[in-house]
Every structure is written in C-alpha cells, then in structure tokens.
Amino acid sequence: MRYLEITKESLGEGTKLLGQDATGVRLLLPAAGGGLLLPELLTCKERYLTFFLTVEEAHSMAFNLQFWAEGEEGKEKASFTTRFGILGNVRAKICLDLSLTDAHLLFPEASVGQQKVVCHGRRIEREEMVRAELVGLPCFHDVTVKIEELALTDSYPEEFPVADEKLVDELGQNRKKEWPGKLHGAGAVKEALNRQLLQTQKGYPFEDWTEYGGFKGKKLREGTGFFASCKENGRWWLTDPQGYAFLDRKSVV
C-alpha cells in the first residue's frame, strides 16, 4: 500500500485546506464543485484507490473520480468518470477500481457506505491520461469533507468498517436530521393520512381538475371507475376513473 500526501498543490480551483492531521485532511469544497488533483494516478501500477471519506453535512453528496486524455483536457466533461455517492455525516471507506477506465463496466458494485456507482465516458488508456481528479459535484452551498488514509493498493480491502448506529428510522427517514413536516412513528403517519383523506373529501383543490387529478376540459371516454387507457388521434392517453385526460404518452417520453 502506498499512501498519498495531500498538499496545497493538490487542491483544485476554489478548494481550501481547513486542517490536517496524521491521517488526513479537512477540505472546504466550493459550491461550484471542487476537490483534489491526483497526478499519481497517471503513472501508478496499483489497481485500487482507497480512502475514508466523511461529508460533514446533513445531506448526501456525489463525487467523481475523473480522467482526461491528452488533447481533451480543455473539455468540460472528462474523458472517463467514475461517479459515486455518500451519505452525510457517515465515515465510509471508499474503494475505486482504476481498471474501470477500460470502460468494461457501467455499474460497478458499491462498497459499504457508498451509494450507487456509475461510469461515464469512453475507454481511456493509462498512457494517454494527462489529468486525474477526485471532486465533489456542484452543490447549493460550500461543503466540508474529511479525507483520510488516501492510498494506492493492489489489494481489495478486507473490511469496510461503518459506525454501529441506525441511520434511518422506522419510516426510512434520516434519524440525524429534522425538518418541517417530518413524521415520527406510525401513529403520526396515520394521523397525516386521515387529514389528507378529509381534504380529498372536500374535492380537488383546483376547479378544472377532478378529484383524481384529471383535466375536466378534456373528456376522452365514459368513466369506468378505474384509471384506463384511451387512444385519440393516434395518441395514447391515461384517463382518470371519470374518463377525463390524466396523462398522455408524450408527457412521459
């Protein structure tokens, strides 16, 4: 295993070094997106890039490991990109397979702590690489992250340690975050659904829409009591239970 040093010269445009210790660094990534330059990836023989990553925010973030080929470094999009996501305030070990740059796989398997991983771009040979970056994608504000134990290795990690805590509640919501309207427990869900039912019984909130959300200005067929399909002038429609236009095929193409 070969550990990589993160220095001020490694920082991408707009990225700021907030602190550094024996294991890693804390960075401030600009809202426009930013991260680290990794020139070691252009010539390395190792297969994997590994590190611990923590997004010190209440929300998830998406990141790119991206490569540019010679003659394409001025383009907005990288020649090849591996994109992955990570939850907020979760310290996760990330393992990125550098052999993916041969474009043999679209959806690589995610390591523990990662969200969906997807590859974009064309096959790129190591000899034609001129730039490599690990960057956080644009966000609605500056983002603080911590990167630890950044290293190159030929060995796939045996363990992906995660904190022994529940991150979501019984409703699938983030336990660490509160927001207006957040429901706590099955009882609260039942109360909310009953309130919605009472509102529905008063009629749909728009005069030209039916109680099912169909458009009263376009009657397509006799109502069946169920959502149904209907073809008019060569176009297929989904009609509401009263026979009014609900959705046309063009809307979903």
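This is a predicted model: local features need pLDDT of at least 70, side-chain atom pairs count only at pLDDT 80 or more; totals for chains, interfaces and linings use all residues.
1. Let's start with E57, which sits in the loop between strand 5 (48-55) and strand 6 (61-69). Despite being a Glu, E57 counts as buried because its relative accessibility is 17%, and the cut-off for buried is under 20%.

2. What does E57 touch, leaving aside neighbours within four places in sequence? Its contacts are G88, N89, H141, D142, V143 and T144.

3. On to charge pairs. The whole structure has 13 salt bridges. One of them joins D97 and R47, whose closest N and O atoms are 2.8 Å apart. D97 belongs to strand 8 (residues 92-97) and R47 to the loop between strand 4 (34-37) and strand 5, so this pair ties together parts 50 residues apart in sequence. D97 is buried at 17% relative accessible area, while R47 is partly exposed at 39%.

4. K218 and E232 also pair up, with 3.1 Å between the closest N and O atoms. This one links strand 12 (residues 215-219) to strand 13 (residues 228-232), the two residues being 14 apart. Both ends are partly exposed: K218 at 26% and E232 at 28%.

5. In the K182–E178 salt bridge the closest N and O atoms are 3.6 Å apart. Here K182 is buried at 10% relative accessibility, whereas E178 is exposed at 53%.

6. Finally, have a look at E72, R122 and E128, which are linked in a salt-bridge network.

How values were computed
Residues are numbered from 1 along each chain as its sequence is written. Side-chain values use heavy atoms; hydrogens and water are left out. Helices (H or I, at least four residues) and strands (E, at least two) are DSSP runs, numbered from the N terminus. Buried means under 20% relative accessible area, exposed over 50%, partly exposed in between (1.4 Å probe, protein chains only). Contact means heavy atoms within 4.5 Å. A salt bridge is a side-chain nitrogen of Lys or Arg within 4 Å of a carboxyl oxygen of Asp or Glu.
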